[in-house]
Structure formats: C-alpha cells, structure tokens
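Please open the model in your viewer and keep the selection tool at hand. This tour goes from one stop to the next, saying what to select and what is there.

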Amino acid sequence: MLVLEQLSKTYEGARRRSVLHGIDLHLAAGEYIAVMGESGIGKSTLLNLIAGLDRPDAGRILLDGVDLTGLDDDALTQLRRASMGFVFQAFHILPYLSLAQNVALPLILNHVDEDEAAARTHAMLAAVGLEGREESMPRELSGGELQRVAIARALVHQPKLLLADEPTGNLDPESAAQVLSLLREQVKTRKAGCILVTHSQAAAATADRIVILTAQGMGAPV
Amino acid sequence: MQAAAVPARSSLRLSRPALFLAPLAQHKGRLAVSVLAIALGVALGYAVQLINAVALNEFSQAVRSIAGEADLEIRGPRAGFDELLYPRIARLPQVAVASPVLDANAKLPGRQEALRVLGIDAFRAARVQPALIGDARGDTLELLRGDALFLSPAAADWLGVKAGDRLAVQVGLSEVNLRVAGLLRGGGRERLGVMDIAAAQKLLQRLGSISRIDVRARPGADLGDLQARIQSILPPGVMVERAQGEAARNAELSRSYRVNLNVLALVALFTGGFLVFSAQALSVVRRRAQLALLRVLGLTRGALLRLLLAEGALIGAIGAAIGLIAGYLMAAAVLQRFGADLGAGEFRGLHPDLHAEPWASLLFFALGVLVAVAGSLTAALEAARAAPAQALKAGDEQTAFARLRPVWPGISLIALGAICTMPGPVGGIPLFGYVAIALLLVGTLALMPRLAGGVFGLLPRPRGAGAQLALAQLRGAPGQAAVSLAAIVASFSLMVAMAIMVASFRVSLDDWLDRVLPADLYLRTGLRGETAFLSPPEEARIAQLPGVRRAEFLRIQKFMLQAARPPVTLLARTLPADNPGRGLPLVGASLLPQPGAPPPLWASEAMVDLYGYAVGQVVELPLAGESRRFTVAGIWRDYARQHGSVIIERERYAALSGDRNSNDAALYLAPGASPDAIEAAIRTALPGGANLEFGSPGEIRARSLRIFDRTFAVTYALEAVAVVIGLFGLSSSFGTLVLARSREFGMLRHVGMTRRQIGAMLAAEGALVSALGLALGLALGWVISLVLIHVVNRQSFHWSMELHSPWGLLALLAAALLVFATLTALASGRRALGVDVVRAVREDW
C-alpha cells in the first residue's frame, strides 16, 4: 500500500543537516509497524514526508501507486484528508470543540452527510470507550482520554494509513498501555496501515514489526 | 444488549460554521472588543451621514416648495437686479409664466437669526409656487396689503406669533412693523415670511429691484434652448439655471465641512479596522497549531483563508448591525438636542425629522464588513501560508512575529502617498489627500517590524533579568510591535495630525484677527440680516462724534460668478490712499496697477483656487448689472469666507454701483476716548442706534475663537473616539499576547523567576513597545498634519495657514498614553500569571 523508495531529505541553512538518506520501506494494508531511532535522526521528518507536509530531496513516496512527490499542495491536502489519519504526542484536540465535533472533523472536511457523520462519530467514540461523552469538552478529559479522542478522530473517516508520532509520550504507563492496545485493535479492525514513531520499547513491541532509523538508512533491529 | 441511541445531529453541530463560530465564542472578550470597535466606527459615520442627509433633504424640500413648479430660475446678486428684466422674460414665447421674487434675509430686532422674507406677485406665484400663497381666509386683497406678512408654520412657531400679531423687521437702523396676516399654505419647515412684492420692495428700500424670476416653460418647449435664449438677454452677474440649482448650491456651501466630518467619523472605523487587525493577528497566532491541525487534517489553504476571512466578516457584520442601530439612535438624539447643525453653521436652526436611508444603511453596513475583512486579511494570509508541520510544534507562534517582511511594500506605499499629495481636488473634495494619508499610515505600519527590529537592536543591554528578557523578546519578535500597536499608532498619529492642524489653524486665525482688527471699536448692523445698513448721513454722524478720530466703513454684498458655485462676497472698504493694500493680511507678492490699468482688487485665496485668480491678472466683476474690470493687486487670507471674497475701494464701489450704504464700521478713537462712551454716544445719536452691535477687538477675537473651538468640538469628539478605540486595541492586543505566552511564563516560573520579575518584564515590554509606537505616531502625525494643512484643508476650505505644533500638549498626551499602556501590560500580566504554571507548561494551547 505504501512504498518509500530511496527517500532522502537534507535541511539547508547555516548548518546543513542530512536527516534521511536512501530510505526504503514497504507497508502493507493492515500492517502495523514501529519506527525507532535516536533523537534527531529524522523520525518525525519521515512522517511529515509521508503525510505530504514536507518534500523529499530525492526518492519517491507511493500510496496505492500514486507518487506523492508529484502532487501539488492542494492534491496532497485532498489525499491527506481522505486517506490518512494522525495521532500526535500532544493530542492536538481543539479545545473549543466538543469531543464529538473533534472526532467528526475529518468527516466534516470530507463532506460526509451530517446524519452519517453523527452516526460514525458516535460509533467511533463508543469504540474508543467514550460512549455518551459526545458533548463533553476536552478540558474535562484526562490525557489518556484525550489520546483516545485523537485515535477516534484519526480513524473515523476510515483512512488507509495512520501516522502516529509518539502517541504515548505524554501518558502514564497504564494509560499508554491502554492507548496502544486500543490503537492496535482499531488499526487491525479497520485494516488501516499504521506507522508508529516512538522511543518506547514497550510501545514498539505492540507493532507487527519494528524498523530502526539510522544515519545510514532503515533496517531491522539487531 | 441494547444499542445506545445515536445523538441527533443537531446536538453534535457537525458543520463547517461550527469551525469558525466555535473559536469566536471561545474568546468572547476579544470578539466583543472587535465588534465594539466596528460598531462605534459605523455608528459615528452613519450618524454624521444621517444628520447631514436630513439637513440637506430639509433644504431641498424648502427649495422645492419655494421654487414650486418652476423649470428655470433666474438669479443675480443678493442685492438684486433691475425689475425691468421681468417683462422681457415674461414676454418670451416659450415662457408660460414667470414669477418675480424679492428675496432677503430680514434682520429682526433683538434676534441673532434672520427671517427669510419673500416678496411675490400672488397672481403669478399661484401658478408657479402655490405653496407660497398665504391663507387669506377668503379675503384675496389681504395678499396685496402693504403690511401683511404670511408666515410659514415653522416661522410662526419660532417667533411665537399668530395671525393678527405684529412683527418688527429692521430696515436700515429703523424698525418697521408688519402684521401677521396668516400662515402659508405650504412652505415646509423653513422659517419663511411672504408678502406682496411691491410692498416688500418699498419696505426693504429696494424699489425697482428683484432677486429672482422663476420661469415655467410652455409644454413642449426645449428647456435648453429657452435657457440659452434667456441667458443671452441677462446682464452680467445674473444667471439662469435649471430649478433646484439653489439646493445644489446650498449643498456646496457646506460640502467640504460635511465631507471632512464624514471622513473624520470614518477615522474611528479605520482605527477599528486596525483593532480587528491586531485582534485577528493575535488570535491566529494563538491558534496557530489549531489551524495547522486543520491543514494537516485536510483543510486546503484556500478554505482556511476563507474560514478566517469569514470570521472577520462575521465580526464586521455584527459590529455594523449594532453600529447602524446605535448610529440611528445617536443621530436622533443629536437632532433632538442640537438640531442638524454639526458645527459649520450652515444648518443652524434646522430641526428636521430623522429617517433611515436604505442606501446609506447598506453602505455603512458594507463598510463595517469590509473594514473587518480587510483587518483580518493579513492574519488570514499568514495562517494559510504557514507550513502545517512546523506550525504544529509548540512555540512556533513566535516565528510568525520573528519573520521580517521586505521593506519595499511599506516604502512603496509611503512613496505613493507622497505622490498622492500632488493632484488637485476631485469635484471640490481632496480625495487624493485622504488617500495619501491612508497610504502614509499603512506604509508606516508595514515598516513597523523593521523599525522595531532596528530600534530595539540599538538599545543597550538593560540591568535586571526582567528587562533583559523583555528586550530579548522584542528583538526576537519585532512583528509583535506592529500587531500590538497598529490601532494605537493609527489613532495617535491621526490625533497628533489633527492637533497640529487645529493648533496651526487657531494660531493663524489669532494672528489674522490681529491683522484685520486694528481699530479700537467695531460696530455692525447685523451679522445675518441683509436689510440692516447705515446710510451716508448716519455714517457722517458717527464720524463726526467727539472722540472718534477716524471711521472706516465697509459695505458687504454678494454676487454670482458661476451659477453652480455659492456667491462670492464683495467687501467695499475704506483703504489708505497711499498704499491701499496696507493693513490687509496679504499672502505672497502684491502690486499696484500701472496708471491706465483697471483699478485694484484684492482677492481671497479661495478666488485663486476656485476661479483661478492671480496677481496682475485683469478680471471682470458684475457690478450693478455691468461688467467691470479690475486688476488683481494681491491675494489675501480670509478665514471668514471659504467660497471666495474680493476687496475693492469703497469710493470706487459707490461710484460704480450707486450704493452708498454700509454694514460695518471700524472706529479709531482719539487718545483718552472710552469705547463704552463712544458706543453710548452712537446709540443715542442715531435713531435705531439700539439695534447696532458693538464689539472691541478683544471681544471679537474671543467670540471668533469661541466659534472656532465650537466648530472643532465635534471633530475633537470624533477624534477622541478614535483614540479610545486605539487604546482598546492596545489593551486587547497586550492581553491576548500575554495569554498566548502563558506557556513561556509557566516555564520562567519553573526556572525560578518570581511573579514580580515577570511583571517587571511585561511592564518593560509594554513601555518599550508603546514608547516606540508613540514616537512613531508623533513623527507620522507631524507628516500627516502637513498633508492636512497644505492639501486637505487648502483644497477643502481654500485657507492657508502657518505650521504651529502644540508640543507641550502632545508630550502630555504621549506621556499619559505611555503610562496607560504600561499599566495595561502589567494588568494583562497579572491575569496571565494567575494561570497555574504547571498546567501552562503541560498544555499546548
């Protein structure tokens, strides 16, 4: 489903910094992989490139055969809207929207009929254990609950690809375990491909496979 | 297990509007301030527009009722023209009926305001101006009786008289008693008295003279042909024009003042736009990560841009709607309390009814929305251009402030502004002058981040952690200065400009009064009435009184040079024989005509602007039905008349016109003579002397300056509103900025800074940014004042003036604003420091 071919990225500036070099990766539909690596090695950059939020210097990113590097900003935005979901370390739940509104955001942006959006939002919140909390505001929730909302939002529009950047970085171990379990369960249920970027061995252990990002490229753990 | 019910979609509010309504509802305070600013600006502009419009409408209605069904109007000097012209016009084959009118503002003893008296031929007027026919209650002859005066209902109310009462009118210095015979059938709400034309000529000592002929053409007659035919037989200074020309001229009389007042009222809206700019810029910075998230989730750049502009439009729409209601109520209250006169004096005495004008409502609503959308544009573009991945990161909001935009847009706008000071007025309005001011303002604000970066970069490192951090923050985020200070720089610079312009005007007026009031005592027969005058015997008795060393008399008449323009004032005065121009407040070079050349004339600056007069030029003036040639010997400054005036020697005027009366006198007293004693002697010596008005130069100066201050009271009030909006903007932007930085303050508290240190840091930031803004506002205001003085004022009122800056007042004002700004920063800081520091560092927003 997702293929990265010889992906490279260098940041120009006063101090030239090469963060990714010759990255190759294949991700199948329904596959859940964890990407690990030391800080500053380019894990977040990799996710940004896959999401179309940044441009590689070389290489190709193919999502279901479509080369993302050839698309303009609007096309990438449309693709992201329809085919990708995101989970962030800092949750990024909009504080001025209710839980239902936060989860429904991708559906609103994808112009899903409002009745259907309401039904899917309700179902998604139920799936992440927040049934009946539709009208709650983010300030009423704990960190673990906020990340559940984020997972619900990431999956509600049934994306092909889920990108999760340190989703448990702000959570206590117990909440982290619950969130990771939920993430895996939902990804598998919905047959979405998932790339989890993490420093945590425990988090990575929930994935189908782990890849290590190094200055030389990407490889399996030793 | 029973499935949980799916909530109704309305409860989820899953719609796009929720995306932009929700954040607005989240920050009700910011929303309220922005809405209030727009509302205030719209309200002021709309109220001024409504008041001026109803006053003009009232004028038009009055003119319509007086002109009646006339197709053409023939007008001449206010003193009138030969009545023998009337039969020549009436006999023209294309003329169905012609109605002669004698029109004079009659001085009423003991009253400041004059009563407009029309002398009509009732039989002719019945066919052209039926509204002017009095209700004679069956006695048609009453319309022709010599002492019968019919009043409009408004005049009867004003004078407190009814049918059968007597009313005294001053003619010369004497009082003539008229009988109120009844009310007019029409006449609108104008204060108007109508009597038989022959009686009026006799009463007002204008035998053989009429002021106007209203003409109704035969059906099918070509009005253009008839107009040309009539014009060909009219003497110089008498003109024919389409009916309603008087309404246009009345509009012209006060147009410059009205337009300037409208523009000034719109300054408040303009400042409100800058407040919206600040508020939206800060709101977008504060929501940077949230907006980036929407971009990540799939909202296109265009959609985000539209979303944020829609926010601005919504603010503008709510503000404009409130503003229209408030403006209407404001206008109603002003009309109720003060009438329709907003200071220019042209609409004095009018108390018309108010009604909302659909097009004006629509225009001001659109202006409110447009200003708010324009204020949101920069912030919306910035948000739409931001890279989402970067903007999602905590702390990225500072990059929005750190970015320095290129200087060329700001410099280009300022250069364009400078160019816009050069063209002349458009239709008598200094349109390019206003555009120049707007461009200078926006251009300077565009340069503000650069200027802030440069100035803060030059400051030495202060002592104390708080001050050091403050300076570092300002150096690192120069864009913050522009955002925080947009509204206050706009309002303060415009206030400085207005203060300098008004001070320059006032000092120049004071100097001018010194020049034009050299005598010891002045007397006049009446300010507004046209029927009071001094006759030659009365002049002689004044001049021969013991204690009067010299008496100079002045005759004031009005004549027309162009039909479309208000009349020009002719001042015929006694001038020194050796050097007639001496004592006149001349500007620029002057000359004395060569022997054999036409006699001299001194023209006001308005004559230069409106009629192209120049020193040395030979010009023609219509005097007593003849065209007379004069040489322009000099240009003088006339702050009393904005539509043009000329001075000629009185003896020459009397010889050319036969008019030997005068209106005013300047008396030079013998050493030791008391002005009070001379005044008493004149009142005793002249029959009707009690009706004369006396004034010492000091009293006249004080009265003139009082009128000046009253005229500018409205402008000060409007300007004060703009400054208050600017202060709101400052307060709001400081508050938002500080809240946006709560994470930073939390971190600083974590690393050991005390609340007091953070407070000091914010106070230092507030003081530094405000000081820069005020200094910039002062400099910009000075430049704008030059545009106001030399472009806007000159093109509007045709008055030049010397530059005088009230530095003391401006310094005091700047100091007060600086203290206010610093206190605002401190108050905002206290609120921000109330936030739990642990929570502040944990939360992303």
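How many bridges join S1(B) to strand S11 (residues 239-242) of chain B, and do these strands run parallel or antiparallel? There are 4 bridges between S1(B) and S11(B), and the two strands run antiparallel. Before going further, note that this is a predicted model, in which local features need pLDDT of at least 70 and side-chain atom pairs count only at pLDDT 80 or more, while totals for chains, interfaces and linings use all residues. Residues are numbered from 1 along each chain as its sequence is written, and chains are lettered from A and ligands numbered from 1 in the order in which they are written.

**First stop: strand S1 of chain B**

Select residues 72-75 of chain B, which make up strand S1; strands here are DSSP runs of E with at least two residues, helices are runs of H or I with at least four, and both are numbered from the N terminus. Leu72(B) and Ile74(B) point one way from S1(B), whereas Glu73(B) and Arg75(B) point the other way. In a regular strand the side chains alternate between the two faces of the sheet. These four residues are all buried, where buried means that 20 or more other C-beta atoms, placed from the backbone, lie within 10 Å of the residue's own, exposed means 12 or fewer, and partly exposed is in between.

In S11(B), Arg242(B) is the bridge partner of Leu72(B). Strand S10 (residues 212-217) of chain B also pairs with S1(B), in the antiparallel sense and over 4 bridges, and there Ile213(B) stands opposite Ile74(B).

**Second stop: the whole sheet**

Select the 9 strands of chain B that form an open sheet with mixed pairing, in the order S6-S7-S5-S8-S4-S3-S10-S1-S11. Because S6 and S11 of chain B stand at the edges with a single partner strand each, one side of each is left without a neighbour in the sheet. On average, neighbouring strands of this sheet are turned by 35 degrees against each other, direction ignored, with axes taken as lines fitted to C-alpha atoms, for helices over the stretch in contact, and angles in general running from 0 to 180 degrees between N-to-C directions.

For a parallel pair, select S4 (residues 115-120) and S8 (residues 192-196) of chain B, which are joined by 5 bridges; Leu118(B) stands opposite Val194(B) in S8(B).

Leu167(B) stands opposite Leu178(B) in S7(B). The two strands form a hairpin with 2 residues between them, and Gly172(B) in the turn has a positive phi of about 65 degrees.

Then select helix H8 (residues 223-233) of chain B, which lies across S1, S10 and S11 of chain B and runs at about 15 degrees to S1(B).

**Last stop: two loop residues**

In chain B, find Gln205(B), which is not a glycine and yet has a positive phi of about 55 degrees. Gln205(B) sits in the loop between helix H7 (197-203) and strand S9 (209-210) of chain B.

In chain A, Lys191(A) also has a positive phi of about 55 degrees without being a glycine, and its place is in the loop between helix H6 (173-190) and strand S8 (193-197) of chain A.

Terms used. Two strands pair if DSSP finds at least two bridges between them. Two residues are in contact if their C-beta atoms, placed from the backbone, lie within 7 Å.
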